[in-house]
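Q: I have a structure open and want to learn how to read its features. Where do we start?

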Amino acid sequence: MEKTEIVNKLTFVFRKIFNNNSLIISNELTANDVEGWDSLTHMLLVSEVENTFSIKFKLKDLNKMKNVGDMVEIISSKF
């Protein structure tokens, strides 16, 4: 799967989870940049990403995710 396709799907997921249709994601985006991105929404986000891409993150994957760019790289590595 190409990274552009991953980013497009992630954009849909982020907008759904954060209920914000104007949310634009970037590689540098972190929880500090999005209003309402707390531990609960983070878990919802991870679950929705796993469902969307039909993947499962390992704990080491989650620990590596410091921003959206890291998430894209990890998702890309699973295909």
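A: We start with handedness. A crossing of two helices is left-handed if the near helix is turned anticlockwise from the far one by less than a right angle, and right-handed if clockwise. Keep in mind that this is a predicted model.

Q: Which hand does the crossing of α1 and α4 have?
A: The crossing of α1 and α4 is right-handed.

Q: At what angle do the axes of α1 and α4 cross?
A: They cross at roughly 120°, and the axes come within 10 Å. Helix α4 covers residues 68-77.

Q: Which residues of α1 and α4 meet?
A: On the α1 side they are Lys-3, Ile-6, Val-7, Leu-10 and Phe-14. On the α4 side they are Val-68, Met-71, Val-72, Glu-73, Ile-75 and Ser-76. By class, this contact has eight nonpolar, one polar and two charged residues.

Q: Now the rings. What describes a pair of aromatic rings?
A: Two values do: the distance of the centres and the angle of the planes.

Q: How many aromatic pairs are there here?
A: The count comes to three aromatic pairs. One of them is formed by Phe-14 and Phe-18, at 5.9 Å centre to centre with 40° between the planes. Planes under 30 degrees apart count as stacked and over 60 as edge-to-face, so this pair falls in the remaining class, tilted.

Q: Are Phe-14 and Phe-18 buried or exposed?
A: Phe-14 is buried, with a relative accessible area of 0%. Phe-18 has 12% relative accessibility and also counts as buried, because the cut-off for buried is under 20%.

Q: Why is the pair of Phe-14 and Trp-37 edge-to-face?
A: The planes of Phe-14 and Trp-37 stand at 75°, so the pair is edge-to-face. The ring centres are 5.5 Å apart. Both residues are buried.

Q: Which parts of the chain does the pair of Phe-14 and Trp-37 tie together?
A: Phe-14 lies in helix α1 (residues 3-17), and Trp-37 lies in the loop between α1 and α2 (39-53). The pair therefore ties together parts that are 23 residues apart in sequence. Ring pairs also link Phe-14, Phe-18 and Trp-37 into a cluster.

Q: How do I read the surroundings of a single residue? Take Val-49: where is it found?
A: Val-49 is found in helix α2. Read its burial, then its contacts. Its relative accessible area is 0%, so Val-49 is buried.

Q: Which residues is Val-49 in contact with, leaving aside neighbours within four places in sequence?
A: They are Leu-10, Val-13, Ile-55, Phe-57, Met-71 and Ile-75. Spacing along the chain is another thing to read. Val-49 and Lys-9 are 40 residues apart in sequence, yet their C-alpha atoms are 8.7 Å apart in space.

Q: What does Glu-48 touch?
A: Glu-48 touches Val-13, Lys-16 and Ile-17, not counting residues up to four places away in sequence. Glu-48 lies in helix α2. Its relative accessible area is 19%, so Glu-48 is buried under the 20% cut-off.

Q: Is Thr-11 buried or exposed?
A: Thr-11 counts as buried, at 15% relative accessibility. Thr-11 lies in helix α1. Leaving aside neighbours within four places in sequence, Thr-11 is in contact with Leu-23 and Ile-25.

Q: Is Ile-24 buried or exposed?
A: Ile-24 counts as exposed, at 66% relative accessibility. Its place is in the loop between α1 and α2. Ile-24 touches Arg-15 and Leu-29, not counting residues up to four places away in sequence. Ile-24 and Leu-10 are 14 residues apart in sequence and 10.0 Å apart in space, C-alpha to C-alpha.

Q: What is the phi of Asn-19?
A: Asn-19 has a positive phi of about 50°, although it is not a glycine. Asn-19 is found in the loop between α1 and α2. It is exposed, with a relative accessible area of 72%.

Q: Where is Ser-54, and what is its phi near?
A: Ser-54 sits in the loop between α2 and α3 (59-64). Its phi is positive, near 50°, in a residue other than glycine. Ser-54 is exposed, with a relative accessible area of 67%.

Notes
Residues are numbered from 1 along each chain as its sequence is written. This is a predicted model: local features need pLDDT of at least 70, side-chain atom pairs count only at pLDDT 80 or more; totals for chains, interfaces and linings use all residues. Side-chain values use heavy atoms; hydrogens and water are left out. Rings of Phe, Tyr and Trp (its six-membered ring) pair if their centres lie within 6.5 Å; planes under 30 degrees apart count as stacked, over 60 as edge-to-face and the rest as tilted. Buried means under 20% relative accessible area, exposed over 50%, partly exposed in between (1.4 Å probe, protein chains only). Helices (H or I, at least four residues) and strands (E, at least two) are DSSP runs, numbered from the N terminus. Contact means heavy atoms within 4.5 Å. Axes are lines fitted to C-alpha atoms, for helices over the stretch in contact, and angles run from 0 to 180 degrees between N-to-C directions. Ala, Val, Leu, Ile, Met, Phe, Trp, Tyr, Cys and Pro count as nonpolar, Asp, Glu, Lys and Arg as charged, and the others, Gly among them, as polar.
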